[in-house]
Amino acid sequence: MHCLNQKTMYQTILEGHSFIRWFVLVSLLYSIYIAYKGYSQKLSFTKKDNLIRHWTATIAHIQLIFGILVYVQSPIVKYFWKNFKEAIQNLDASFFGIIHVILMLTAIVFITIGSALSKRKLSDEQKFKTMLIWFSIALMIIFIAIPWPFSPLANRPYFR
C-alpha cells in the first residue's frame, strides 16, 4: 500500500510539474513582451509591470519546487545515480539525471537575478531592459531544457 501511495504521489507531482510549465512559459513570454514594448516605446514601468515581473519569478519558483520534488522521486534519476557509468551513456537517463536539472536551475537563476536587478534599477528604461535581457536568456534555456515531444534529447507529451 505504501508503494502505491508513493507512486500516486510521484505521478501527481509529475503531472503538476508538467502542467505548471505552461504557466512559466506564458508568464515569461508575456513578461518579455511587456519588457520589449516598455523598453522600445519608452513607457513608464507601472505597478502592473512590476506585478508581472514579480509573478513571473514566483511562478518559476513554484515550478522549481515541483521540479525538485519530481527529481528526488524520479525512478529515472534514481537509476541514473545508482548506475552512473551505464546511465551516462543513455541520453534519456542523462537528460533527466543531469542535463534538465542543470539547465532549469540555470534558467531559474537567470529569472531570479533578472527580477531582482530589474526591481532595483532606477530608470523605467533600465527596468524594462534588464527584464528583457535576463528573462529572454532564461526562456531560451528553458526551451532547450523542456523534454518536448519533438526533442532529440528526451521527449515527453505536451500534457501528462
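**Close-ups of a predicted helical model**

**View 1. Residues 93-118, helix from end to end.** This stretch is 100% helix and 0% strand, and its end C-alpha atoms sit 37 Å apart. Helices here are DSSP runs (H or I, at least four residues; strands are E, at least two), numbered from the N terminus. We're looking at a predicted model, where local features need pLDDT of at least 70, side-chain atom pairs count only at pLDDT 80 or more, and totals for chains, interfaces and linings use all residues. Residues are numbered from 1 along each chain as its sequence is written, and side-chain values use heavy atoms, with hydrogens and water left out.

**View 2. The annotated stretches.** An unreviewed UniProt entry puts "transmembrane region" on residues 19-39, 51-73, 93-118 and 130-150; positions follow the numbering used here, feature names are shortened, and such annotations may be inferred rather than shown by experiment. Residues 130-150 come out at 76% helix and 0% strand, with 31 Å between the end C-alpha atoms.

**View 3. Where α3 meets α5.** Helix α3 (residues 75-82) packs against helix α5 (residues 91-120) at about 95 degrees, with 9 Å between the axes. Axes are lines fitted to C-alpha atoms, for helices over the stretch in contact, and angles run from 0 to 180 degrees between N-to-C directions. So α3 is roughly perpendicular to α5 (65 to 115 degrees; under 35 is roughly parallel, over 145 roughly antiparallel, the rest oblique). On the α3 side, look for I76, V77, Y79, F80 and W81; α5 brings D92, A93, S94, F96, G97 and I98. Contact means heavy atoms within 4.5 Å.

**View 4. Inside the largest nonpolar core.** Among its 27 residues, V24, L25, L28, I111, F135, I142 and I146 touch the most other members. A nonpolar core is a set of buried Ala, Val, Leu, Ile, Met, Phe, Trp, Tyr and Cys residues joined through side-chain atoms within 4.5 Å; buried means under 20% relative accessible area, exposed over 50%, partly exposed in between (1.4 Å probe, protein chains only). Two or more residues each come from α1 (2-40), α2 (47-73), α5 and α6 (124-145), and α6 gives the most, with nine. Zoom in on V24: skipping neighbours within four places in sequence, V24 contacts I59, A60, Q63 and I142.

View 5. K42 is in the loop between α1 and α2 and has a positive phi of about 50 degrees, although K42 isn't a glycine. K42 is exposed, at 64% relative accessibility. H54 belongs to helix α2 and is partly exposed at 36%.
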